[in-house]
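Have the viewer open as you read.

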Amino acid sequence: TALAKVAKLLPGRTTAEVMAHDDWYWATRQLQRRQRDVLEAWGRERTQFLADSECVMRENEELAVAAAAAAAQKLAHELVREQTHAELEALRAARQAEWEAGAEARAEAEQRAAEQRAAEELRTQQERAIKKEMIAAYRDDLERQATEAAELSAAAAREMAALQAEQALYNRERVEWRHAEYAWKVDKKQEAARAKEAEEAEQQARLDRLRALVAPQVEADPARVLLPTAAFMAVDERPGPEENAFRPVHGYTVKQLYKDPKFKIMDALQRQGLHNTDYGRRVINLAQTARPTRPDNLTTYQRGGAQTGL
């Protein structure tokens, strides 16, 4: 084992001694650990005991202070109650003495008060009588005013009815005049419309007569528009360079185009990409162009044929 190897390394020590020392060492370590645990447990219990004792002492102190305060408050309350009772007894005795001393004065005061009440009642009755008379007079005045107002209202109503009747007569006359005026205007409009229709009919008749005078004297032949014209039929059919002179000419040949100086300049500028510049557009505008004869112009041969009746 490991202890046997250790014993071999220690001169003068046997394996049993080394093992005994190892047992002693571990027993000592165990004892120290137990002592530490006991001390820690004792410390925790002591701390908890001190905290609990402090809480209990604080609670007892608070209870004692509260009890002392309650006792002091009760004692003060008893003292105040006794003092108040003594003051009330003194005040009651003084009031009783004053009551007994002022009995005659109260009797005289009550008599004067009764006399004042009787005088006040008499004055009140007199004022009520005066107010009743004033109210009766006011009511009579109101009735009189209402009667006068009714009479005035009836007179105003009669006057308004007369005015309304007069206004109705005037309005009826105006309405009749308006109706007559409207009928006259309608007649005038109808007469003007008839005159305008007659004038338009007369104008149309004149236009028809004028159209009859200038109308072409030809037969209606819709198929005639599809026939060739006389000029087309008069083309010379003889072979020659002037053959079919009136035939349509479609465009130009490349040779004819490059005879035009303006076209050649424009083509050269387009090849170089300069035709859209200010200088290129100015050069194209200033170049002279060839002016060929119109295709519909008559040639010398055609003019000679026309003169000879061909």
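## Aromatic rings and salt bridges

Tyrosine 25 sits in helix α2, which covers residues 15-101. Keep in mind that this is a predicted model. One aromatic pair is found in the structure. Its partners are tyrosine 25 and tryptophan 26: the ring centres are 5.5 Å apart and the planes meet at 70°, so the pair is edge-to-face; the cut-off for that label is over 60 degrees.

Together with Trp24, Tyr25 and Trp26 make up a nonpolar surface patch of about 380 Å² accessible area.

Now to the charges. Side chains of opposite charge can pair when their charged atoms come close. How many salt bridges does a search of the whole structure find? The search gives eleven, including these:

| Salt bridge | N to O distance |
|---|---|
| Arginine 58 – glutamate 54 | 3.0 Å |
| Arginine 123 – glutamate 120 | 1.7 Å |
| Arginine 144 – aspartate 141 | 2.3 Å |

Arginine 58 and glutamate 54 are four residues apart in helix α2, about one helical turn. In helix α3 (residues 103-214), arginine 123 and glutamate 120 are three residues apart, about one turn. Arginine 144 and aspartate 141 also lie in helix α3, three residues apart. Arginine 144 is partly exposed at 44% relative accessibility, and aspartate 141 is partly exposed at 27%. Asp141 and Arg144 join Glu148 in a network of salt bridges.

Definitions and conventions
Residues are numbered from 1 along each chain as its sequence is written. This is a predicted model: local features need pLDDT of at least 70, side-chain atom pairs count only at pLDDT 80 or more; totals for chains, interfaces and linings use all residues. Side-chain values use heavy atoms; hydrogens and water are left out. Rings of Phe, Tyr and Trp (its six-membered ring) pair if their centres lie within 6.5 Å; planes under 30 degrees apart count as stacked, over 60 as edge-to-face and the rest as tilted. Patches are made of residues with over 30% relative accessible area and no salt bridge: like charges are joined within 9 Å, nonpolar side chains (Val, Leu, Ile, Met, Phe, Trp, Tyr) within 5 Å. Accessible areas come from the Shrake-Rupley method with a 1.4 Å probe; for residues, only the protein chains shown count as cover. A salt bridge is a side-chain nitrogen of Lys or Arg within 4 Å of a carboxyl oxygen of Asp or Glu. Helices (H or I, at least four residues) and strands (E, at least two) are DSSP runs, numbered from the N terminus. Buried means under 20% relative accessible area, exposed over 50%, partly exposed in between (1.4 Å probe, protein chains only).
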